[in-house]
Protein chains: 2
Amino acid sequence: MQRTLLTVDYSNEEEVIASIAKAIGHPVRVKILRLLASQTCCFTGELTELIPMAQSTISQHLKALLNAGLITGEINPPKVRYCIDRENWQKAQALFGQFFIADREYNCDCG
Amino acid sequence: MQRTLLTVDYSNEEEVIASIAKAIGHPVRVKILRLLASQTCCFTGELTELIPMAQSTISQHLKALLNAGLITGEINPPKVRYCIDRENWQKAQALFGQFFIADREYNCDCG
DNA sequence: TCTGCTCATCGTATATTTGCGATAAACTAA
DNA sequence: TTAGTTTATCGCAAATATACGATGAGCAGA
């Protein structure tokens, strides 16, 4: 892919918001997050029973959520326990709260 | 029973959240949304002055935000005025609020 | 008409994502 | 050691996403 010659200077916050949103931006990952956030901890094996996808595919999605910092993976042989990363989860909540709330100062008088 | 103002099918809710998150999941689109949401008035081609990217690329990103329902595009020859879609913006705010707040019922006792 | 302006779309190239089966890795228990 | 369990990673194919320049569509005014 061609990239811009200019260096786009995003504020860090914009990149953080985008990366989190990107991680959430898939129905399966939304489902996984909801399962982890609203119930007790899940293992990958339980997720494969709840989500009709190949185990390798679910593992990939879990990896994406891990990389985004939204979940943690605690090795507990022979299983791995995945949980919501509560600290980052609250940070994300605050970030998106501010992001959407920006609309409050919005005062369009050009229409 | 119904706790939100939204009348979204629960199975569809995951797809709605994912599609919105996907639209937000790019730094340029985050920047655009912030500009539209925080400025006093709506933007048109001024975006090309604020974002060092080709005009066609910015148009593509605007189209993505339009498809996600996050912004509106009002033709005002020879310009187009883009605004936050306030109704959907508030719906998105509510959706993500609920989504992150699900953590409250989270009670991990498996560690 | 013609010109200029703004924005959308097309065509292209490349990057990334997504999904699967197969297999490897790590550990436990027999 | 061997066998079984669970999860991660590899390799591949197909679909999407990203970015650009070039071009087209639409409108206003000369």
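Helices here are DSSP runs of at least four residues, and strands are runs of at least two, numbered from the N terminus. The model shown in these views is predicted.

**View 1. Chain A holds 5 helices and 3 strands.** Along the sequence, these elements follow the pattern α-α-β-α-α-β-β-α. Chain A has 111 residues, and 26% of them count as buried. Now take the contacts between residues at least 6 apart in sequence. In chain A, 51% of those contacts join residues at least 24 apart.

View 2. The mean pLDDT of the chain is 84. A value of 70 or more is reached by 79% of its residues.

**View 3. Helices α2 and α4 of chain A pack against each other.** Two packed helices are described by the angle between their axes and the distance between the axes. Helix α2 of chain A spans residues 27-38. The angle between α2(A) and α4(A) is about 70°, and their axes lie 10 Å apart. Angles of 65 to 115 degrees count as roughly perpendicular, so α2(A) is roughly perpendicular to α4(A). From α2(A), the contact uses A:Val28, A:Arg29, A:Ile32 and A:Leu33. From α4(A), it uses A:His61, A:Leu62, A:Ala64 and A:Leu65. By type, the residues of this contact are 6 nonpolar, 1 polar and 1 charged.

**View 4. The largest nonpolar core has 53 residues.** Residues of both chains are among those with the most contacts inside the core. From chain A come A:Ile24 and A:Leu33. From chain B come B:Ile17, B:Ile24, B:Leu33 and B:Leu36. Zoom in on A:Ile24. Setting aside residues up to four places away in sequence, A:Ile24 touches A:Arg29, A:Val30 and A:Leu33 in chain A. It also touches B:Ile17, B:Ala18 and B:Ala21 in chain B.

**View 5. B:Gly73 sits in strand β1 of chain B.** This strand covers residues 71-76. B:Gly73 counts as partly exposed because it has 16 C-beta neighbours inside 10 Å. Leaving out neighbours within four places in sequence, B:Gly73 is in contact with B:Leu66, B:Val80 and B:Tyr82. B:Cys42 is 31 residues away from B:Gly73 in sequence. In space, their C-alpha atoms are 9.9 Å apart.

Key: Residues numbered from 1 in each chain as written. Chains lettered and ligands numbered in written order. Predicted model: local features only at pLDDT ≥ 70, side-chain atom pairs only at ≥ 80, totals over all residues. pLDDT = per-residue confidence, 0-100. Core = buried A, V, L, I, M, F, W, Y, C linked by C-beta atoms within 7 Å. Buried ≥ 20, exposed ≤ 12 C-beta atoms within 10 Å, placed from the backbone. Contact = placed C-beta atoms within 7 Å. Axes fitted to C-alpha atoms, helices over the stretch in contact; angles between N-to-C directions. Parallel < 35°, antiparallel > 145°, perpendicular 65-115°, else oblique. Nonpolar A, V, L, I, M, F, W, Y, C, P; charged D, E, K, R; others polar.
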